[in-house]
Amino acid sequence: MSDLNAVTTAEAPATDAGKPRGLAGDAWLDLRSRKVFWIAAALVVVVLLMAAWPSLFTSADPGDCLLARKNAGASGGAIFGYDFQGCDVYAKTVYGARDSVVVAIAATLIAGVIGLFVGLAAGYAGGWIDALLSRFIDVMLGVPFLLGAIVLAKRLSSDPESNGVVAVILTLGVLGWTAAARVMRSAVISAKNQDYVAAARMLGAGPGRLMFRHILPNSISPFIVVLTILLGVNIAGEATLSYLGVGLKGDAVSWGLAIAETGPYARTAAAPLVWPSVFLAATVLAFIMLGDAVRDAFDPKLR
Amino acid sequence: MSDVVLETRGLVKHFKTRAGAVRAVDGVDLQLRRGETLGVVGESGCGKSTLAKLLVGLEKPSGGEIRVRGDNMARLRGSSLRRARRNIQMVMQDPYTSLNPRMTVGDIIGEPYDIHPDAVPQHGKQRAVQELLDLVGLNPDHINRYPHQFSGGQRQRIGIARALALRPEIIVCDEPVSALDVSIQAQVINLLEGLQRRLGLSYVFIAHDLSVVRHISDRVAVMYLGKIVEYGNQVAIYDQPTHPYTQALLSAVPVPDPRLRGRRDHIMLSGDVPSPADPPSGCRFRTRCWKAQPGCAEHEPLLQIRERSPHPSACHFAEIRDVMRRF
């Protein structure tokens, strides 16, 4: 008896009998021991810090450009050198994090909210509601992404004064929710048919309890993974739209814009193209690794 | 009879499909008395699990009635229905899928109290859950563990504790041991029997394992294609079966003694179970029965006591044949 108790307390050091350790607490314990999580989290934190307080990383002004320094090499604070307009590449890259991250997070939130709602409704309700919503998803998927995005972004950013941030967020959000909704729908359907849901229904549980206590916790992890990947995809999507000239513009500074502007000069000066691309790729990778680690931690069956 | 706690009359469940209505349960009359165990046996697809779902209210009957202590469940509404539902709980088949993997054992067993706050005992939910864990033979200190930290037999004990939380009089066990190892099966069966004695429970015990049913049941109903074909106490069904289907089922029970193997009465049935969407006319068993006569296709045999069957049997030619006899 005392042995058993010892095992219990060793496994759950932070809990009293009265406070069951929650799912999040368990996941955190699991995450703490994963290297991938720490690497990804460190990268994400750096990028978020860059987005919030770029002046922590550089004292230079990304708008301070001198043609005299055109394509000059690294010097002083400008560790990545200067681009074709004589702007500090390092400063531009650091300041570019803000718009890239803001656009990606906001667009993913919009896509997530739409995807969660549509997926839950279709999966839980079934029947004609599911059929209607699923066909709507099919229609959305039938729209070629680039064509839809160009049309939508152009339409939304008709105001010449704006820097296009809101237009890009709406475009990526409205076009990006379909994958998340599909994943959510299928996860909800498989969770809804589990025996433990039937057991709760038999006890007299209402739809709210079934949904939020039983179905949602058991179907949310693939959705979270899709959203984390979508964060990366949206960062790349913003870059694509900016490159094509329908994304960010004017006084906005972003990795996508930097890649678009410096692309044509890559043969004479590679650094202004390479560094924003490296930051872009690293950020996308960090979000995807983070999503993967979190998914594993939240899945007790993998433990 | 006041000691009848559960009764069904003409219980029917049809599932509508494109191919027509699947008659999963097609006119079942059962009676369960206080403290008694009613075994329901039959092969896969005969409607056993649908019957269990009907009894606990997971499916709505297409016809007939379910009476719990005399109250017709279909007539009850609102709080009186909730109270009646509390009286009949279920232990599910698969202990690996019937417990929410995201909830602790304490939350799982305590959930009935969250749904029915008026059922929480005076000394609080936590104590009640720990008492239930103790009652089913688990360590009450494991209240914060997750289901994946337990073995199959322990998980089934958790399922039993959940079913007991609301202090029901009737528990429907839908194949409660078929997913477990044989050695664990005996432990769980003994637990169920002990709980029955201590708490005065009545069981509807659904299984395809005839020897398990024989061990635990007072009365046995044999189901075939949604209907009960033979009904009687344990001795009547196992030692004096009169329906050909029951005889065939019993003759398939393995013989533990290798020297007796092959020397027993063996009945081999030909063909498969017909589709419940299009059952045979008259007697449903006639397509596989060696006694079938042309009249069997026209007249459906009722479940009743017959000249040569002292207990209810749904066969025109019911006759005792002891297939379990040892040589």
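1. Is Thr178(A) buried or exposed? In this predicted model, Thr178(A) is buried, because its relative accessible area is 6% and a residue counts as buried when that value is under 20%. The residue is found in helix 8 of chain A, which covers residues 178-192. When its neighbours within four places in sequence are left aside, Thr178(A) is in contact with Ile137(A), Met140(A) and Leu141(A).

2. A salt bridge within a helix of chain A comes next. Asp138(A) forms a salt bridge with Arg135(A), and the closest N and O atoms of the two are 3.0 Å apart. Both residues lie in helix 5 of chain A (residues 127-142), where they are three residues apart, about one turn of the helix. An α-helix has 3.6 residues a turn, so residues three or four places apart point the same way. Asp138(A) is partly exposed, with a relative accessible area of 29%.

3. In chain B, which residues cover the two domains, and how far apart do their centres lie? Domain 1 of chain B runs over 4-217 and domain 2 of chain B over 241-313, while their C-alpha centres lie 29 Å apart. Seven residues of domain 1 are in contact with 10 residues of domain 2, and between them the two domains bury about 840 Å², with 59% of that on carbon and sulfur atoms. On the side of domain 1, the residues that lose the most area to domain 2 are Arg23(B), Glu43(B) and Leu210(B), which together make up 56% of what that side buries.

4. The polar side of this domain contact can also be described. Between domain 1 and domain 2 of chain B there are two salt bridges, and four residue pairs are in polar contact, both residues being at pLDDT 80 or more. Strand 2 of chain B (residues 20-33) gives the largest share of the side of domain 1 that touches domain 2, namely four residues. By class, that side has three nonpolar, one polar and three charged residues. The side chains of Arg288(B) and Glu43(B) meet in a salt bridge, at 3.4 Å from N to O.

5. Helix 3 of chain B (residues 105-115) is largely enclosed by the rest of the structure, because nine of its 11 residues are buried. Among the buried residues are Val105(B), Ile108(B), Glu111(B) and Tyr113(B). What covers the buried residues of this helix includes helix 9 and helix 10 of chain A, together with helix 2, helix 4 and helix 5 of chain B. Glu111(B) also takes part in a network of salt bridges that links Arg209(A), Glu111(B), Asp114(B) and Lys125(B).

6. Arg219(B) forms one with Glu36(B), the closest N and O atoms being 3.0 Å apart. This pair links distant parts of the chain, 183 residues apart, with Arg219(B) in strand 9 and Glu36(B) in the loop between strand 2 and strand 3. Arg219(B) counts as partly exposed at 25% relative accessibility, whereas Glu36(B) is buried, with a relative accessible area of 9%. In the other pair, the side chains of Arg214(B) and Asp239(B) meet at 3.1 Å, N to O. Arg214(B) lies in helix 7 and Asp239(B) in helix 8 of chain B, so the pair ties together parts that are 25 residues apart in sequence. Arg214(B) is partly exposed at 27% relative accessibility, and Asp239(B) is partly exposed at 30%.

Note on methods
Residues are numbered from 1 along each chain as its sequence is written. Chains are lettered from A and ligands numbered from 1 in the order in which they are written. This is a predicted model: local features need pLDDT of at least 70, side-chain atom pairs count only at pLDDT 80 or more; totals for chains, interfaces and linings use all residues. Side-chain values use heavy atoms; hydrogens and water are left out. Domain bounds come from an automatic or database domain assignment. Contact means heavy atoms within 4.5 Å. Buried area is the accessible area (1.4 Å probe) that two parts lose on being put together, summed over both. A salt bridge is a side-chain nitrogen of Lys or Arg within 4 Å of a carboxyl oxygen of Asp or Glu. A polar contact is a pair of N or O atoms within 3.5 Å; within protein, one must be able to donate a hydrogen and the other to accept it, and residues adjacent in sequence count only if both atoms are side-chain atoms. Helices (H or I, at least four residues) and strands (E, at least two) are DSSP runs, numbered from the N terminus. Ala, Val, Leu, Ile, Met, Phe, Trp, Tyr, Cys and Pro count as nonpolar, Asp, Glu, Lys and Arg as charged, and the others, Gly among them, as polar. Buried means under 20% relative accessible area, exposed over 50%, partly exposed in between (1.4 Å probe, protein chains only).
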